[in-house]
Amino acid sequence: MKKYFLLLYCCLTVYILHAEDGYRLWLRYDKVDNSKLLQQYRNAISYIQFAHASPTLAAAKEEMIDGLQGLLDKKILVQNSTENGTVLVVTAADSIIYSLISRDDLDKIAIDGFVIETKKINQKNIIVIAGNTDIGALYGCFHFLRLLQTQQNIQQLSVVSAPTVQLRMLDHWDNLTRTVERGYTGMSIWNWQKLPDYIDKRYTDYARANASIGINAVALNNVNANATILTKDYLIKVAALANVFRPYGIKIFLSARFSAPIEIGGLKTADPLDAQVQQWWKKKADEIYQYIPDFGGFLVKANSEGQPGPQNYNRTHADGANMLADALALHNGIVIWRAFVYSNETNEDRFKQAYNEFKPLDGKFRNNVLVQVKNGPIDFQPREPFHPLFGGMPQTQVMMEFQLTQEYLGFATHLVYLAPLFKECLDADTYTKGKGSYISKVVDGSLENHPVSGMAAVANIGNDINWTGHPFAQANWYAFGRLAWNHNLTSAQIADEWIRKTFTNTQPFVNKVKEMMLVSRETIVDYMTPLGLHHIMGYSHHYGPAPWYNSAARADWNPTYFHKADSAGIGFDRTATGSNALSQYAPEMRKQFDDINTCNENYLLWFHHVPWNFKMKSGRSLWNELCYKYYAGVDSVRWMQSTWDNMKGIIDDERFKEVKMLLTIQEKEAVWWRNACILYFQTFSKMPVPKGLEQPDNSLEYYESLQFPYAPGIGGNQ
Ligand code: GCU
């Protein structure tokens, strides 16, 4: 009997240790399954040595012990002497670093980069992981583990790596009620009720995951902010999180509600030029820094979608941002001021409004202000041209805002790998300082030599066991961090790494799944918004297609405003004959889109109202091309399904089945998008679906009748 229980216990332990529920993300340290490499690693690594101690290096030590013991399946000893097979972790605080690493490399890695080198000390073979700072060394340790996880040869290591962008940030749109605006993966991971006394293990694992990809800042709460987060009770809770994050090099930011002086300060105004208001924010900043000495600063959404802001008092965005910047300056805090603004009162194309608002303010922001601009001018669509404020505000530190949560990209049920979307934007040339004025250079500050730079992404994290709902959505969190660290990495490189760390190094799996990931973004564009269509999803919740919708309170919340389909054609004329939004770009950029005959077809309907029978580059009419794109999108999802089916048995059943079920939903929804859009646009084109393509099996009325009152992602502003 005893024996039986022992066996059961062992089986359970093995099961629990290897439960592939996705919780471990890419930080999986299972034994290396390539015996030759395993031998190489075992020969090279037996000890770890840390030249000094600190909370950050303690975190690094724990990660290294866990990681190395798991990957190598052998005991790793912590030593104070340097033996053969030692991994030595050093920083600029340890004088030995100068005999090991060249000054040149130490200069290159600046504050938080790292060097990893194979060395010989006193005839002993060692591996040195070096950073100027503790956090640099921690990043180096994570990178070293990545080399083993992805099964690289480590015999002659010589890695020098430093981040291209300083502030690498996740923005959570989490409410104090724990609902998450545009969140599709459970509730917020911040358990405000239990904080500050109960420290969920998730907080540490979240910090580990972020540090492993170089993320060093997080905004905890929704940009549609509740001022309560700035009260003492909540600051104490925030401080508890800051204590967990600090060793991992992560600074906390808070979304600040502009009217907080009224709501929690008892003042009658929030006018940024009012002395009492200025005083209130100064005192509030002092209070925050008492609790959180390394507080990052404020993230602010003002005068946008109903949020209060300086314009309520006839002041500018610069007045508002600078007032907060002054309050934080003494503490080296930063204001991240969002440029996502558009107004109901003006009749202007929504595309143009943020530029019109911010361009005149260029050069008027304090040094500790970053203006955060979404990648595109409308709102995180499957494909957008880049926002004209990139390159448009040379005297301002402009920061990137991407979206990981899939508000417009199939929620957490569609497999879509977003690195190609991010890269498309970062690699775009603004031409604002001549050829080669890439967005990546605007964002990393190098184009105009700005001292502060940043890249943020709206998080896709919730309290679902696997953090992001879809197992593949983890790849977007991962890819964002990796690109913020180094925007020169390719989408394929990042996917390759992520697959190996998250699933397996088995080559056929890596190759096929990478292929799937790399086509997934174009696939979703095809079945949702091909050829430059945009913002044609369900009203408010943004779930599914609703190109017919035309009842929103604001014109520019209606799909019909964006696609402008009529009997003559489809698309938004943004050339000089239309809204002339193109004039906001540099002439070279404009030229690429101005002419309907030469415009890149991926963006055609962003900039032109195109006749239904317009001849496309393929030789097809616009209508036929639109149909082919929608059908190709669905076909690609079916290809993804069969590709995935072939992966059965290579990875664990748990995640295999999960992805399989999600792909079934994705296929259904892709067909729904295709049919609904084709049937609706057909009422204008009056043309048939080309022969040979399967005909929609439901009517337009059916699709129009679908209602989703409980679609996720629109929690209250609490
Ligand atoms: C989108 C999104 C909102 C969000 C807003 C923002 O409009 O639908 O939920 O608040 O972006 O970025 O502020």
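This is a predicted model: local features need pLDDT of at least 70, side-chain atom pairs count only at pLDDT 80 or more; totals for chains, interfaces and linings use all residues.
**The barrel**

Begin by selecting strands E7 to E14. These eight strands form a closed barrel in the order E7-E8-E9-E10-E11-E12-E13-E14, and their pairing is parallel. On average, neighbouring strands of this sheet are turned by 25 degrees against each other, direction ignored.

**Helices H7 and H8**

Select residues 201–212 for helix H7 and residues 232–245 for helix H8. Their axes come within 9 Å and cross at roughly 50 degrees. H7 is therefore oblique to H8. The crossing of H7 and H8 is right-handed.

Display the side chains at the contact. From H7, Tyr203, Thr204, Tyr206 and Ala207 meet Leu241, Val244 and Phe245 of H8. The residues of this contact of H7 with H8 comprise six nonpolar, one polar and no charged.

**Helices H16 and H17**

Move on to helix H16 (residues 491–502) and helix H17 (residues 507–528), whose axes come within 9 Å and cross at roughly 130 degrees. That angle makes H16 oblique to H17. The crossing of H16 and H17 is right-handed.

To inspect the contact, select Ser491, Ala492, Ala495, Asp496, Trp498, Ile499 and Arg500 in H16. They meet Gln507, Phe509, Val510, Val513, Lys514, Met517 and Leu518 in H17. By class, the contact of H16 with H17 has nine nonpolar, two polar and three charged residues.

**Helix H22**

Finish with helix H22, residues 653–685. How far apart are the end C-alpha atoms of H22? They are 47 Å apart, which agrees with the 48 Å that the 33 residues should span at 1.5 Å a residue. Then select lysine 686, which follows H22 and has a positive phi, near 60 degrees.

Terms used. Residues are numbered from 1 along each chain as its sequence is written. Side-chain values use heavy atoms; hydrogens and water are left out. Two strands pair if DSSP finds at least two bridges between them. Helices (H or I, at least four residues) and strands (E, at least two) are DSSP runs, numbered from the N terminus. Axes are lines fitted to C-alpha atoms, for helices over the stretch in contact, and angles run from 0 to 180 degrees between N-to-C directions. Angles under 35 degrees count as roughly parallel, over 145 as roughly antiparallel, 65 to 115 as roughly perpendicular and the rest as oblique. A crossing is left-handed if the near helix is turned anticlockwise from the far one by less than a right angle, and right-handed if clockwise. Contact means heavy atoms within 4.5 Å. Ala, Val, Leu, Ile, Met, Phe, Trp, Tyr, Cys and Pro count as nonpolar, Asp, Glu, Lys and Arg as charged, and the others, Gly among them, as polar. The expected span of a helix is 1.5 Å times one less than its number of residues.
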